[in-house]
Amino acid sequence: MTDFHLARKRMVETQIIRRGIRDPAVIRAMSSVPRHLFVEEAFQDQAYGDFPLPIGSGQTISQPYIVALMTSSLRLTGVERVLEIGTGSGYQTAVLAEIAERVVTVERISSLVKKTRRLLEELGYHRVACHLSDGTLGWKDSAPYDAILVTAGSPEIPAELVEQLADGGRLVIPVGTRRHQVLKRVTRDGDRKNVEDLGGCVFVPLIGHSGWKEEEL
Ligand code: SAM
């Protein structure tokens with residue numbers, strides 16, 4: 001039987017800390033969120049491996065290192081209101097919820113929203129709101145956000161998401177082609193935006209109004 005506690009400790013040491021993630025809040029969050037509960041039972045013994053895993057509906061839970069890299073790139077201090085686009089399994093949502101004040105998460109696949117909403121509730125993540133919607137339009141009702149994280153690859157930076165950032169807020173999003181993207185951090189400075197490249201990555205497509213069109217895939 002897998003010792004999940006030990007597997008998680010090893011994951012944090014070898015995949016997160018050893019690869020240069022220093023943010024203590026991210027290390028603490030990933031040391032405590034039970035990743036194996038966010039994957040199907042058949043994959044539980046692989047949950048702490050150095051790779052993404054299927055979560056149904058053709059979607060994936062991201063590799064642990066990517067979750068750590070994206071979360072630390074948001075530069076959270078604990079007081080933020082965060083918007084996540086692409087709830088999926090809810091693992092990244094839980095990591096954000098361990099650190100931030102409030103998390104709003106949006107997913108376009110209804111079966112994933114139902115399943116994930118229930119799991120996050122059961123695990124006690126009560127400061128999270130899960131919505132079924134096209135996340136390329138953001139979630140206006142709770143805007144502005146101090147940080148926005150997009151966990152699917154987009155052909156462009158959706159203007160609606162930049163508009164929903166607070167002044168000084170950070171948007172982290174993979175932008176590129178269907179097969180390869182560059183992780184970008186957009187920092188809002190009044191009406192201007194400062195864009196930094198954080199490195200290459202590969203994500204499932206962001207599908208919607210300001211993402212890929214289903215017929216293009
Ligand atoms: N963060 C997730 C986790 O920890 O399991 C992984 C997310 S998976 C790589 C990307 C997710 O983005 C999928 O669940 C997909 O359905 C969702 N997605 C794609 N386009 C979307 C859109 N326009 N709005 C909301 N979610 C979207």
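This is a predicted model: local features need pLDDT of at least 70, side-chain atom pairs count only at pLDDT 80 or more; totals for chains, interfaces and linings use all residues.
1. Location. The ligand sits in the largest pocket.

2. Shell make-up. The ligand is surrounded by 28 residues. Ser89, Glu107, Asp134, Gly135 and Ile207 are the closest. Sorted by class, the shell holds 13 polar, eleven nonpolar and four charged residues.

3. Which residue places a polar side-chain atom 3.0 Å from a ligand nitrogen? That residue is Asp134. Backbone atoms take part as well. A polar backbone atom of Gly86 is 3.2 Å from a nitrogen atom of the ligand. For Arg108, a polar backbone atom lies 3.4 Å from a ligand nitrogen. On its own, the ligand has 600 Å² of accessible area, and the protein covers 99% of this.

4. Ala68. This residue belongs to helix H3 (residues 64-73). Is Ala68 buried or exposed? Ala68 counts as buried, because its relative accessibility is 0% and the cut-off for buried is under 20%. Ile16 is 52 residues away from Ala68 in sequence. In space, their C-alpha atoms are 6.8 Å apart.

Key:
Residues are numbered from 1 along each chain as its sequence is written. Side-chain values use heavy atoms; hydrogens and water are left out. A residue is near a molecule or strand if one of its heavy atoms lies within 4 Å of it. A polar contact is a pair of N or O atoms within 3.5 Å; within protein, one must be able to donate a hydrogen and the other to accept it, and residues adjacent in sequence count only if both atoms are side-chain atoms. Accessible areas come from the Shrake-Rupley method with a 1.4 Å probe; for residues, only the protein chains shown count as cover. On a 1 Å grid over the protein atoms alone, a cavity is a set of points where a 1.4 Å probe fits but cannot get out, and a pocket is an open set with protein on both sides within 12 Å along at least five of seven lines; lining residues have an atom within 4 Å of a point. A molecule sits in a cavity or pocket if more than half of its atoms lie within 2 Å of its grid points. Ala, Val, Leu, Ile, Met, Phe, Trp, Tyr, Cys and Pro count as nonpolar, Asp, Glu, Lys and Arg as charged, and the others, Gly among them, as polar. Helices (H or I, at least four residues) and strands (E, at least two) are DSSP runs, numbered from the N terminus. Buried means under 20% relative accessible area, exposed over 50%, partly exposed in between (1.4 Å probe, protein chains only).
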